[in-house]
Amino acid sequence: WAGRRRRAVGTVVHRLLERVAADGLESWGSSRLEDQVPAIRHLLRESGAPTGGLDEAGDEVIEAVANALQDDRGRWILSNEHSHAETELAVTGVIDDKTFHAVLDRTFIDQDGVRWIVDYKTGVHTGGAFEQFLDEEQQRYKPQLEGYARLMQCLEPTVPIKVALYYPVHKAWREWQPDVDRDKPR
């Protein structure tokens, strides 16, 4: 039950962040977000959330998206001022003789010419040791994000790449330079 709810919340947060990026930040104030409550409940049901607790799940979605809209880092990620910006970008390639499919939550080239690959994480961490939690999450998702970076390197071999995890609920961020040069994808 909790797993289905958590997955549904994540799916709906991703969809709303995609819409924010497409529409532009300036069109997403707090009143517009509040106006989305019926649509959010519908999307949660479509995404498999249990019917009991839809209000709480909707509140979680609103909180995550509102945090991203209020957070300087979240606003930077969602900004339309970046070049080559894409949201939910599907990419397929061959790495180590295996076909690799990926969907990048958000990717863009910043003003310094760096390709960013940002993966949204909508989980909620309770308790202490938050920095340790982020360290563990970075290690957990490092292979996935570095695989994304290797795919993007195929498309843009001369563009430097950075990857990051963004937790809108916590307004938390982890970034690193992926090791994509060791076994170049083809």
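In this predicted model, the side chains of Thr107 and Arg115 are joined by a polar contact of 3.0 Å. That pair makes a handy way into the structure. Thr107 has its place in strand E2, which covers residues 98-109. Arg115, for its part, belongs to strand E3, residues 115-120. Thr107 counts as buried because its relative accessibility is 0%, with the cut-off for buried set at under 20%. Leaving aside residues up to four places away in sequence, Thr107 touches Arg115, Trp116 and Ile117, along with His84, Ala85, Glu86 and Leu89.

E2 and E3 run in the antiparallel sense, and four bridges hold the pairing.

Zooming out, E2 and E3 are part of an open sheet of five strands, ordered E1-E2-E3-E4-E5, with mixed pairing. At the edges sit strand E1 (83-95) and strand E5 (172-176), each of which pairs on one side only. From one strand to the next, the twist averages 35°. Helix H6, made up of residues 130-155, packs on this sheet and touches E1, E2, E3, E4 and E5. Strand E4 spans 161-167, and the direction of H6 makes about 140° with that of E4.

Key:
Residues are numbered from 1 along each chain as its sequence is written. This is a predicted model: local features need pLDDT of at least 70, side-chain atom pairs count only at pLDDT 80 or more; totals for chains, interfaces and linings use all residues. Side-chain values use heavy atoms; hydrogens and water are left out. Helices (H or I, at least four residues) and strands (E, at least two) are DSSP runs, numbered from the N terminus. Buried means under 20% relative accessible area, exposed over 50%, partly exposed in between (1.4 Å probe, protein chains only). A polar contact is a pair of N or O atoms within 3.5 Å; within protein, one must be able to donate a hydrogen and the other to accept it, and residues adjacent in sequence count only if both atoms are side-chain atoms. Contact means heavy atoms within 4.5 Å. Two strands pair if DSSP finds at least two bridges between them. Axes are lines fitted to C-alpha atoms, for helices over the stretch in contact, and angles run from 0 to 180 degrees between N-to-C directions.
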